[in-house]
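Please examine the sequence and the three-dimensional structure shown below. The paragraphs that follow lead through selected strands and helices.

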Amino acid sequence: MAIYNRLQRLSLILRTDTTEPLGTYKAFGFPQPWAQQLRQNVFRRSQSNGEDDEWSGLPLWALNNGIAALLPQVLVTDASGHQGRTWLAWNHQDGSPAPDTELLVELVRSGLVVAADAMNEKARLRGRRQPVEMADLAAVLRGFKPTDLRCEARQATIRKDLPPRREDYSVIPNLLASRLVAAHWEVHHQGWKKETAEGPQTPEPYGISRWRRVSSPEGAEMISWPPHCYTSSNGTRYLWSYTLRLSLQNHALDPSGDALVHARIGVRRWARNNVWDGQRSITAFLFTPSPWADETSPFGRAGLRWRPGPKGKKEGKMVWDDVLAPTLARMSSQRYLPSAADLASAPDSFLHPGGGENPVAGIVFRDGLGEYSNHSIGTGASARDRWQIFRHLCSALTDVAEPEPALHRLPVPVRSRTSADEMLRIDLGALTQATSSKIVIDVLCDTTVMRDLVVKTLHAALGLPSPSPNPLHTGSDLVEQVLSCGDIEVLLRTQPIGELASALTVDSSIKNRRDRVRKATAPRRALATERLSRGCLEGMPRFALVEMGNVNAYPSSEHDPKEAVKAAATALGVLTQNITPPKPTGTAPGCESAATRAQRAGKAVMDLLVRQTGLLRRPQQPAIADTPLIDVTAVGLWVVRRNKEHRALLPVAVSHAPDEPFARIRMPHTDAWLPFRQGLLSLGDFDIERRLEHEQVQDFFGQVVDELSDGSDIALLTLAQNLRSTCPGIANGPLRPDVLAFNPKQPIPPARRKGLRHIRLRTNVRDETSQHYSFTDGALDGEVGVGSHFWVDPRRPRHFFSTAKKPATAASGSPGGSRIEAHWACTGKDKEGNKTYGMRHDTLQDVWNPQLLELLVACHAPTDSPKAWAALVHQQRYEAGHFSDPLALPAVLHLAYTVGKHLLPDYLLEPITESDA
């Protein structure tokens, strides 16, 4: 396997040395008299049945997307309707038409009427009062006048040492995309053709990608159009497109102050046959012809969903999931806009209408769209495809941007992937320290297959030989067995799950969901309490593996008993892990192999006994060879966010000290750093405060820093995308070198953080870290791949990057392959079993793309080596004791993230009254 020493980010630096702006536009704010009248008289906040209001704010999203799909000059929209925000940005280059304010007013009126109709229809279907009085809306709309619309001419310009304005983050990517499309930008897919491995090579053209814009809520998006087509051996046509998303980004603590454009390249597959999904929305693109359309007009993005029929009947239909489609239909003379049901039943007929007409609509293919929907094209864009498209992008924008310099690889030792058998062996000494010398494990299973497999897996994890078959259970038999495992003694108890796993009885006459679920779960909680309370087990750490079907095994989520059983177990101090019943053995749909079933059992056991107890490993050679970091405590700060009945805004801190093999956790309701297992169980207390204000979160994290800062070495890890909304001091703008501030106005004095280093992380969420490909100095142009290493930014001394090793379960597509271009590779085997080689297309292969994790050493001591501290964080992605592959985040942040799984609705934690039970 090639080891690459350079990593090229798909990131462009916008030039500041040019005298010409990136573009000019006219900025419209949403008229505040309109917004005030709409909020006061039409779209009022309301509550019903004790539930939170659903219609709050102005329904501008679909209206804005409809305008953008109809008017190619509209670059970007803001859907808040707030004062001071740019609502519409009208691209105003040489020769482009001036804004037609009368047309804009009519489009606004049409869009708001459609949005109100959709709101009322949704409320009617839910049996609620219609929230919008159409007469009130009509009265307000009559007052809208073209003279209410005011615009200001602006230039999109990047200036040295001046951060981009708020609207630049939306306007500039769209200006660049419009420029590319208007210039008929093309990507020529040219590869090399050769007859043997040694060559010679000759250039070979394989195809061309042309591009169209797509309406996007963030940044700018383009797709290759017309789609590329793959024809199978039986003549079936599979259509697909490349996608290219542009976003404006920047770096914190960047001495250069660069404004960056990140490019993200992917593949979008188009559905052919009937699609259906009863749970999730289905994405559709509307290729909307209009009197104002031209080649730069973007495609609209809409959603479809399944609306079930009357209860108890197998009826229903596909409907639009938002108001974009009806908005477009009302705004334009669209003759070809299909119904949602027609589009879902035959998507290919609208992607290829007869009579030589332009495409009308297309459905984006994904897995789970029904038994009749399939696609042969693989997922993801390979390193070769990213290189090819990015180099063409750099060439097209060379007058306004240049690519960021490549990152340099720095060797850092990490744990090698362990075998499945080794991964299943628990460190019993560590488990004893994290729990006790005696623990209890309950196995509640109805199927003999899963019960015996779980018991066998537990024996293997504890280092014991495979057990003899357990006696068959009858009725409510409880079978106990004591396992002596050296450092630890395990009381293994097996019993049938029985009616604990049956669907809950839901009283549909109770209209309030909270009361309805409380009544349905109370008897099951009481039964689970009785079943798990058998025996004298007080004071012993307890765990339970529970066999239950997934959510689809029950009529609805309200009938699912898993959380009720988990709540009862938590109240008894029992950590639980669910495992679904075995599927039939085989390779047909709905079946599983014996190996897959064994893997599921292994993951369940390791999650319960390793992840939920916080067992972690340590790197053998911490940091880098010339600057080892030995006795460092890693601490991750995290804010757990849950909504609806699990509602929470809860700060947590997870630490891993050098003298303990397990993590500890600190939360606002705990007075001390508890072992991770005990911290998870404490979340079952009914009276804990789960929803804190931002100031309380900041105060808690400040208290954590005070407790940690005793002069020992501390690596404090934060994730920007998780923390900055509650702790804005770590966001790019307010962040300052060697200053720790959760509230930017209240930095923590250096005396209160002795020995503490702050490493702030960012992931690819919202494209904040870019895609990439790797190469080796001196290699031929286009010989690229993916590198799994630690990387140094040559221009920014505090910035480092981490890419993980390829997981064992990752897609097998070659990074050097391409959907279009052929490359020299293995093509199969001959009659003797020897591999054969030749030119091969990887059109059908799935491709694995590792994310780029940014490690910013924001605070460190003057004598520190920032790269050593960043390298230590890179190694901590390999510390998990329950997972053989590297984690997406360092181990302490990963454990903090999983805390959210253990939060239950507060009504499941209330004491059960006798009448409830």
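Two strands are said to pair if DSSP finds at least two bridges between them. In this predicted model, the bridge partner of Glu-547 in β23 is Ile-579. Strands β22 and β23 pair in the parallel sense, over six bridges. Strand β22 also pairs with β19, again in the parallel sense, over five bridges; here Ile-441 stands opposite Phe-543 of β22.

Is β22 enclosed or open? Six of its six residues are buried, so β22 is largely enclosed by the rest of the structure. Arg-542, Ala-544 and Val-546 point one way from the strand, while Phe-543, Leu-545 and Glu-547 point the other way.

The strands β19, β22 and β23 are among the elements that cover the buried residues of helix α12; helix α15 (594–611) is another of them. Helix α12 comprises residues 448–461 and reaches 20 Å from its first C-alpha to its last, close to the 20 Å expected. Its buried residues include Met-450, Leu-453, Val-454 and Leu-458. After α12 comes Gly-463, with a positive phi near 75°.

Helix α5 (residues 168–182) may be read in a similar manner. Its 15 residues should span 21 Å at 1.5 Å a residue, and its end C-alpha atoms are 20 Å apart, which agrees. This helix is mostly covered, as eleven of its 15 residues are buried, including Val-171, Ile-172 and Leu-175. Just after α5, His-184 takes a positive phi of about 55°.

Key. Residues numbered from 1 in each chain as written. Predicted model: local features only at pLDDT ≥ 70, side-chain atom pairs only at ≥ 80, totals over all residues. Heavy atoms only, no water. Helix = DSSP H or I, 4+ residues; strand = E, 2+ residues; numbered from the N terminus. Expected span 1.5 Å × (residues − 1). Buried < 20%, exposed > 50% of the residue type's maximum accessible area, 1.4 Å probe, protein only. Contact = heavy atoms within 4.5 Å.
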